[in-house]
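Here is a protein to look at. How do its labels follow from their definitions?

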Amino acid sequence: MSGRVEDRRDEWEGPVPVPTGATVPFWEATLEGELLYQECDCGNRQLYPRAVCTACGAEDPPFAASEGVGTVYTYTVCHVPGEPGFADRTPYVVGAIDLAEGPRLLAVIDADPERLEIGAPVAVTFWRVSEDAAIPVFVPG
Ligand SMILES: [Zn+2]
């Protein structure tokens, strides 16, 4: 399953990921609406990508494609008036998402914080923020 990719290059003023090393395949996939994680031969699954497996130390754990669905493990509502890139969406929500495949990642959750709950199902979508990267953003699913 692929997520939708919205082009936010003109309006995004937040941090822009710079693909390097182990994260290059990850960010390339985001441009196609694919969320990748690493699945090591030892069974460990991890996100974001790293050059080594955090469980066994193996180099360059292979990538696998996530279904892009998960649940909210925890979240926090950020009240940062004037923060570049979030001016029109204060407060915004950042959360830890447990993907169906197991890895947990931190991401923006594009949802009304009044209606968000721990354990709520979410699905990935992508905001393209540069030539090289689309950031994963989760929406209630
Ligand atoms: Zn491993």
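The turns below set computed values against definitions.

This is a predicted model; local features need pLDDT of at least 70, side-chain atom pairs count only at pLDDT 80 or more, and totals for chains, interfaces and linings use all residues. Residues are numbered from 1 along each chain as its sequence is written.

Q: What makes up the secondary structure of the protein?
A: It comes to 1 helix and 9 strands. Helices (H or I, at least four residues) and strands (E, at least two) are DSSP runs, numbered from the N terminus. From that end, the elements run β-α-β-β-β-β-β-β-β-β.

Q: Why is Leu 106 called partly exposed?
A: Count its C-beta neighbours inside 10 Å: there are 14. A residue is buried if 20 or more other C-beta atoms lie within 10 Å of its own, exposed if 12 or fewer, and partly exposed in between; C-beta atoms are placed from the backbone. With 14, Leu 106 therefore counts as partly exposed. Across the protein, 26% of the 141 residues count as buried.

Q: Which residues does Leu 106 touch, not counting those up to four places away in sequence?
A: Leu 106, found in strand 7, touches Val 94 and Ala 96. Two residues are in contact if their C-beta atoms, placed from the backbone, lie within 7 Å. The C-alpha atoms of Leu 106 and Val 94 are separated by 7.0 Å, and the two residues are 12 apart along the chain.

Q: What makes a set of residues a nonpolar core?
A: The set holds buried Ala, Val, Leu, Ile, Met, Phe, Trp, Tyr and Cys residues, joined through C-beta atoms within 7 Å. Here the largest such core has 22 residues. Ile 97, Ile 109 and Phe 138 have the most contacts inside it. The elements giving two or more residues to this core include helix 1 (24–30) and strand 6 (92–99). Strand 8 gives the largest share, 4 residues. Leaving aside neighbours within four places in sequence, the contacts of Ile 97 include Val 72, Leu 105 and Phe 138.

Q: How do you know that strand 8 and strand 9 pair?
A: Two strands pair if DSSP finds at least two bridges between them. Strand 8 and strand 9 have 7 bridges, in the antiparallel sense, so they meet the cut-off. Within this pairing, Arg 128 stands opposite Ala 134 in strand 9. A hairpin of 5 residues joins the two strands.

Q: How many bridges join strand 7 to strand 9?
A: There are 2, and the strands run parallel. Val 108 has Val 137 in strand 9 as its bridge partner.

Q: Why are strand 3 and strand 4 said to stand at the edges?
A: Their open sheet has 3 strands in the order 3-2-4, with antiparallel pairing. Strand 3 (45–46) and strand 4 (63–65) each have a single partner strand, so one side of each is left without a neighbour in the sheet. Strand 2 and strand 3 pair over 2 bridges. Glu 39 has Arg 45 in strand 3 as its bridge partner.
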